[in-house]
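Hi,

Here is the structure I promised to pass on to you.

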Amino acid sequence: MARPLRLQFAGALYHVTSRGNRRESIYETDEDRSLFLGVLDDVCEAFNWICHAYCLMGNHYHLLIETPEGNLCHGMRQLNGVYTQRFNRHHSRVGHVFQGRYKAILVEKGAYLLELARYIVLNPVRAEMVRSAVEWPWSSYRATVGYKSDLNALNTDGILLAFGKQRGRAIERYERFVAEGRHQPSPWGKLRNQVYLGSEQFVDELQKRIDDADRLLEIPSAQRRPLAKPLEYYIKVTSSRNEAIVKAYASGNYSMKVIGEFFGLHYSRVSRIVSEAKGKT
């Protein structure tokens with residue numbers, strides 16, 4: 001099976017996530033989380049990364065990383081590899097901590113930086129682990145609103161400047177922005193070709209970077225399809241929710257989970273809707 005495309009270039013912005021092997025926990029204690037942040041700090045310094053937001057959950061993490069030198073793959077190998085070694089040493093274990101390769105989505109900075117930063121810090125709220133983002137100590141939210149940062153590499157200015165030049169007022173607006181995002185739809189409904197979150201122009205510019213025909217053969221077919229239409233499109237061109245779900249899934253550009261998040265359904269319900277439609281044909 002072809003590996004997912006890893007497009008790297010100077011100034012790229014990525015939403016990165018990595019899950020535990022067999023969906024098991026990658027942090028067993030708060031000490032493990034502190035250990036991970038220490039490794040992330042080292043990687044950001046070594047590879048000149050800018051971290052705009054992060055959230056450490058139970059069996060996975062989310063990072064919003066900018067790479068001024070276009071070196072995501074090398075840095076991620078270091079991050080997951082070193083943390084695995086230290087986690088195993090700390091718990092007297094051997095073997096994999098993470099499940100396969102990490103997932104990286106290329107993000108259009110101007111349009112989606114704030115939306116992704118909000119989505120990331122609201123993960124523990126949506127999971128009902130806490131009532132508000134400020135209650136979760138293992139995300140970038142607390143540092144962004146003025147608490148001491150647990151990650152030296154965190155760049156809160158990149159987020160706050162979007163809300164004003166006066167820091168106090170910017171923090172207030174950021175807090176309100178995050179609070180308003182709790183019931184907003186997932187940004188993954190706008191994902192294009194499984195690896196891009198941005199406008200058609202953004203995607204076109206990135207695809208032009210792939211100009212080596214031999215390399216193109218290594219790109220999964222899902223990522224060589226015509227530009228994916230946003231999920232809102234299928235609502236407009238169909239007469240019912242279920243028909244929109246069926247057509248969106250048939251496009252091949254969206255997983256059942258992503259479709260479910262967009263329509264507010266569990267992916268098992270999406271699966272039944274698709275199966276029932278197939279049974280009628």
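Below are some notes on salt bridges and on one pair of helices.

Before you start, bear in mind that this is a predicted model, where local features need pLDDT of at least 70 and side-chain atom pairs count only at pLDDT 80 or more, while totals for chains, interfaces and linings use all residues. Residues are numbered from 1 along each chain as its sequence is written, and side-chain values use heavy atoms, with hydrogens and water left out.

Let's begin with the charged pairs. Side chains of opposite charge can pair when their charged atoms come close. Searching the whole structure turns up 7 salt bridges (a side-chain nitrogen of Lys or Arg within 4 Å of a carboxyl oxygen of Asp or Glu). Here are some of them.

Arg 33 pairs with Asp 30, with 3.5 Å between the closest N and O atoms. They sit 3 residues apart in helix 1 (residues 30-47), so about one helical turn separates them. (Helices are DSSP runs of H or I with at least four residues, strands are runs of E with at least two, and both are numbered from the N terminus.) Arg 33 counts as buried at 10% relative accessibility, whereas Asp 30, at 44%, is partly exposed. For those words, buried means under 20% relative accessible area, exposed over 50%, and partly exposed in between, using a 1.4 Å probe and protein chains only.

Glu 66 and Lys 109 form another salt bridge, at 3.1 Å from N to O. This one links distant parts of the chain: Glu 66 is in strand 3 (residues 60-67) and Lys 109 in helix 3 (residues 109-121), 43 residues apart. Glu 66 is buried at 10% relative accessibility, and Lys 109 is partly exposed at 39%.

Now for the helix pair. The axes of helix 11 (residues 241-250) and helix 13 (residues 267-279) come within 9 Å and cross at roughly 90 degrees; axes here are lines fitted to C-alpha atoms over the stretch in contact, with angles running from 0 to 180 degrees between N-to-C directions. The two helices are therefore roughly perpendicular (65 to 115 degrees).

Which residues of helix 11 and helix 13 meet? From helix 11 come Arg 241, Asn 242, Ile 245, Val 246 and Tyr 249, and from helix 13 Arg 269, Val 270, Ile 273, Val 274 and Ala 277, where contact means heavy atoms within 4.5 Å. By class, that contact has 7 nonpolar, 1 polar and 2 charged residues.

Cheers

Conventions
Parallel < 35°, antiparallel > 145°, perpendicular 65-115°, else oblique. Nonpolar A, V, L, I, M, F, W, Y, C, P; charged D, E, K, R; others polar.
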